[in-house]
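Please open the model in a viewer and keep the sequence alongside.

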Amino acid sequence: MITSTKNPRVKHIRHLQADPRARRESNSFVLEGIRLCEEAVAAGWPVQLCLFDQDLPPRGREIVDQLASSGGETIPAMEHVIKAVSETKTPQGLVMVV
C-alpha cells in the first residue's frame with residue numbers, strides 16, 4: 001500500500017502528467033477514472049501501473065482484479081495519494097499508467 005506522496009511511483013505519475021516530453025519519451029500516459037481505465041483494458045492497451053483506492057465500487061474493483069490476474073502491477077494507495085496524482089477535483093479512486 002502506498003501511503004506517501006513521496007513514493008517514487010507517485011512521483012513518476014506526477015512527472016508524466018506535468019511533462020509532455022516525458023510522456024513522449026516513455027510512450028505512456030496517465031488515465032483517471034473507472035470508465036477510461038475500463039476502456040483501456042478492454043482495448044488491450046498495456047498497463048504499466050495501476051493505483052487504486054481500497055474503497056473502489058465493484059465496477060472499478062473488476063478492472064483491478066482483471067489487471068492483477070493478467071500479471072499487471074496493481075498497487076493500493078491511500079485516498080490522499082490518489083488525490084495527489086489526480087488532476088480531477090473528485091477522483092474516482094483509479095489511476096493507470098498506460
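**Before selecting.** This is a predicted model, in which local features need pLDDT of at least 70 and side-chain atom pairs count only at pLDDT 80 or more, while totals for chains, interfaces and linings use all residues. Residues are numbered from 1 along each chain as its sequence is written, and side-chain values use heavy atoms, with hydrogens and water left out.

**Select the whole chain.** Five helices and four strands are present; helices (H or I, at least four residues) and strands (E, at least two) are DSSP runs, numbered from the N terminus. Along the sequence their order is α-α-β-α-β-α-β-α-β. The chain is as compact as a globular protein of its length, because its radius of gyration is 12 Å, close to the 13 Å that the globule rule gives for 98 residues. That radius is taken over C-alpha atoms, and the rule is 2.2 Å times the number of residues to the power 0.38. Along the principal axes, the C-alpha atoms fill a box of roughly 35 × 30 × 25 Å.

Colour the chain by accessibility next. Of the 98 residues, 41% count as buried; buried means under 20% relative accessible area, exposed over 50%, and partly exposed in between, with a 1.4 Å probe and protein chains only. Contacts (heavy atoms within 4.5 Å) can be displayed as well: among those between residues at least 6 apart in sequence, 70% join residues at least 24 apart.

**Select helix H1, residues 8–18.** Its buried residues are Val 10, Ile 13, Leu 16 and Gln 17. They lie on the same side of H1, because they cover an arc of only 125 degrees around the axis; the arc is that of the directions from the helix axis to the C-beta atoms. An α-helix has 3.6 residues a turn, so residues three or four places apart point the same way. The face turned away from the buried side carries the exposed residues Pro 8, Lys 11 and Ala 18. Show also helix H2 (20–26), strand E1 (30–32), strand E2 (49–52), helix H5 (79–85) and strand E4 (94–97), against which the buried residues of H1 pack.

**Select Gln 17.** This residue of helix H1 counts as buried, at 15% relative accessibility. Leaving aside neighbours within four places in sequence, Gln 17 is in contact with Arg 23, Val 30, Glu 32, Val 85 and Glu 87.

**Select helix H3, residues 34–43.** Here Ile 34, Cys 37, Ala 40 and Val 41 are the buried residues. They line one face of the helix, since they fall within an arc of 130 degrees seen down the axis of H3. On the face turned away from the buried side are the exposed residues Arg 35, Ala 42 and Ala 43. Just after H3, Gly 44 takes a positive phi of about 85 degrees.

**Select Ile 63.** This residue lies in helix H4 and is buried, with a relative accessible area of 3%. Which residues does Ile 63 touch, not counting those up to four places away in sequence? They are Ile 34, Cys 37, Glu 38, Val 41, Leu 94 and Met 96. To finish, draw a distance from Ile 63 to Ile 34: the two are 29 residues apart in sequence and 8.0 Å apart in space, C-alpha to C-alpha.
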